[in-house]
Amino acid sequence: MRGGSVAVVGGSIAGSAFAGAAARLGAERVVVLERSPGRLEDRGLGICTHNDRFAELVDAGHVPPDTRRHRLTVRRWVTRGPAGGTGGAGGPDGRGRPLWVQPFPFHSHHWAVLWQTLRERTPEVVEYRPGTTVTAVGGDRGGAWTEQADGTRTPYDLVIGADGYRSVVRAAVCPEAAPEYAGYVCWRGSYDAALLDDLPGGAAAWPEEECATVCYPGGQVVLYRIPGLAPGSTLVNWVFYAPTPDWLRLDGPTAVAAGALSDEQLDGMREFAARQLPPYWAAVIARTPRERTLLQPVYDLAVPYRTAGRLLIGGDAATVVRPHNTSGAVKALQDAHTFELAGRRLGGRSWGPLLAAYDRERTPAGRELVDLGRSLGRAQVTAAPDWSVMDGAAMADWWQGQLSGGPGFGGHALGRAG
Ligand SMILES: Cc1cc2nc3c(=O)[nH]c(=O)nc-3n(C[C@H](O)[C@H](O)[C@H](O)COP(=O)(O)OP(=O)(O)OC[C@H]3O[C@@H](n4cnc5c(N)ncnc54)[C@H](O)[C@@H]3O)c2cc1C
């Protein structure tokens with residue numbers, strides 16, 4: 001594969017990483033075709049990475065060690081608690097009855113900071129074409145092509161699909177694979193952490209290194225801080241797993257973008273939070289501006305194979321894992337790493353063996369992650385325990401039960417799966 005031309009469809013986390021990998025493997029021309037014409041960084045929220053997984057990616061040269069991120073050390077699980085029980089509805093500080101404090105060796109990132117970091121490190125040979133929507137792809141063992149809405153077809157030696165969960169490239173690689181709705185949604189929000197000072201108890205009630213997990217019957221909210229876009233700033237970031245709202249149409253895997261929720265839809269979510277959560281956390285959510293609140297249905301997707309002819313898929317195009325496992329970005333970077341490593345191992349002979357090696361290594365790894373995401377989702381949302389009877393010992397057992405046999409919370413170790 002030394003020399004040759006590569007098109008990468010999608011210029012987000014997976015797209016940037018694959019483009020860099022293809023360039024380092026010696027492709028002569030690497031073009032990233034990204035649908036979005038504007039600034040991707042305006043849309044991102046929080047992503048967490050396990051410290052060990054991040055260190056592996058630093059060692060492998062994908063991200064610099066000084067990538068701006070926020071340190072998390074503990075995960076505090078709380079619930080409203082039984083009326084009249086320890087802590088009552090909100091506990092003395094309104095933060096709920098503690099269930100368990102778990103070590104949490106993770107850092108949080110602003111999606112956009114991570115993405116910018118990857119883009120800055122992309123070799124110069126890579127050409128980004130924002131505002132370019134690919135409508136179809138195809139090819140055979142000898143080559144591949146992309147097509148745009150005006151019918152223009154461009155040939156390449158390889159087309160990489162990094163075009164997310166509604167992937168056009170996946171539709172050509174394995175048309176039978178489609179995301180499956182998990183049966184619940186996540187509402188998400190973020191805002192300047194300085195606004196916490198206005199809440200009763202203020203920002204001090206919630207330690208900076210603590211990821212809070214607030215459990216209620218039928219769901220949970222996960223809240224943590226992330227770095228802001230401006231160096232030195234910090235944002236609050238939350239993910240609220242909740243039942244499907246009556247108004248949501250699920251006629252395709254889609255999200256309601258930040259700023260697009262109506263007053264009624266937002267009020268409905270805030271009232272639900274006020275009924276279910278300890279007062280402090282309901283207030284943290286209610287503080288979120290409309291333009292920073294969005295809704296995503298939760299999906300699962302694992303493909304039976306990732307390559308066909310000279311087409312390849314990676315990142316969310318190949319595997320959509322429920323967010324409980326906090327492995328989305330790591331998994332995308334590991335896909336690109338495996339592709340690059342296989343290319344180096346095979347010494348630039350041809351694309352066929354490289355694609356076969358990538359498929360062999362990443363398809364089972366993706367499936368394991370999806371299975372773990374399902375197991376975590378069942379245990380924490382759709383078949384969650386009665387929180388009112390849980391204590392620290394019961395929580396620790398319950399947690400171990402969710403992980404048994406899986407790839408590990410936060411994703412596979414790079415050496416094992418990659
Ligand atoms: C703007 C943005 C913000 C995000 N913010 C967060 C976040 O805050 N937290 C989080 O956990 N995850 C977030 N994600 C998702 C996260 O990036 C992924 O779950 C994970 O990192 C894997 O990324 P990916 O590159 O495989 O897929 P994605 O990040 O979904 O990227 C797919 C890319 O392909 C482009 N694309 C899709 N179809 C076409 C087409 N036909 N032609 C050309 N381009 C196409 C999309 O515009 C997008 O840029 C965000 C994604 C985007 C695009």
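Because the model is predicted, local features need pLDDT of at least 70 and side-chain atom pairs count only at pLDDT 80 or more, while totals for chains, interfaces and linings use all residues. Residues are numbered from 1 along each chain as its sequence is written, and side-chain values use heavy atoms, with hydrogens and water left out.

## Overall fold

The protein chain contains 10 helices and 18 strands; helices (H or I, at least four residues) and strands (E, at least two) are DSSP runs numbered from the N terminus. For 418 residues, a compact globule would have a radius of gyration near 22 Å, and the value for the protein chain, 22 Å, agrees with this. That radius is taken over C-alpha atoms, and the globule rule is 2.2 Å times the number of residues to the power 0.38. Along the principal axes, the C-alpha atoms fill a box of roughly 70 × 40 × 40 Å.

Of the 418 residues, 57% are buried; buried means under 20% relative accessible area, exposed over 50%, and partly exposed in between, with a 1.4 Å probe and protein chains only. The accessible surface of the protein chain is about 16,400 Å², and carbon and sulfur atoms account for 51% of it. Accessible areas come from the Shrake-Rupley method with a 1.4 Å probe, and for residues only the protein chains shown count as cover. Among contacts (heavy atoms within 4.5 Å) between residues at least 6 apart in sequence, 77% join residues at least 24 apart.

## The ligand shell

The ligand is surrounded by 28 residues, of which the closest are Ser12, Glu34, Leu45, Trp111 and Asp316. By class, the shell divides into 13 nonpolar, 9 polar and 6 charged residues. Here Ala, Val, Leu, Ile, Met, Phe, Trp, Tyr, Cys and Pro count as nonpolar, Asp, Glu, Lys and Arg as charged, and the others, Gly among them, as polar.

Four elements, α1 (13-24), β2 (29-34), β3 (46-50) and α7 (328-346), each supply at least two residues of this shell. The largest share, 3 residues, comes from α7.

| Ligand atom | Side chain | Distance |
|---|---|---|
| Oxygen | Glu34 | 2.6 Å |
| Oxygen | Trp111 | 2.8 Å |
| Nitrogen | Arg188 | 3.4 Å |

On its own the ligand has 910 Å² of accessible area, and the protein covers 87% of that area.

Thr293 lies in strand β15 (residues 293-302). Thr293 counts as buried because its relative accessibility is 0%. Its side chain reaches the backbone oxygen of Pro289 at 2.9 Å. Apart from neighbours within four places in sequence, the residues in contact with Thr293 include Arg188, Trp238, Leu261 and Met269.

Not counting residues up to four places away in sequence, Asp300 touches several others, among them Ala178, Glu180, Val320 and Val370.

Val320 belongs to strand β18 and counts as buried at 8% relative accessibility. Its C-alpha atom is separated by 6.9 Å from that of Val370, 50 residues away along the chain. Beyond four places in sequence, Val320 is in contact with Tyr165, Tyr299, Asp300, Leu301, Lys331 and Val370.

## Further residues

Thr326 is found in the loop between β18 (319-320) and α7. Its phi is near 45°, a positive value in a residue other than glycine. Most residues other than glycine have a negative phi. Thr326 is buried, with a relative accessible area of 19%.

Ala394, in helix α9 (residues 392-403), counts as partly exposed at 26% relative accessibility. Ala394 and Trp100 are 294 residues apart in sequence, yet 9.1 Å apart in space, C-alpha to C-alpha.

Notes:
A residue is near a molecule or strand if one of its heavy atoms lies within 4 Å of it. A polar contact is a pair of N or O atoms within 3.5 Å; within protein, one must be able to donate a hydrogen and the other to accept it, and residues adjacent in sequence count only if both atoms are side-chain atoms.
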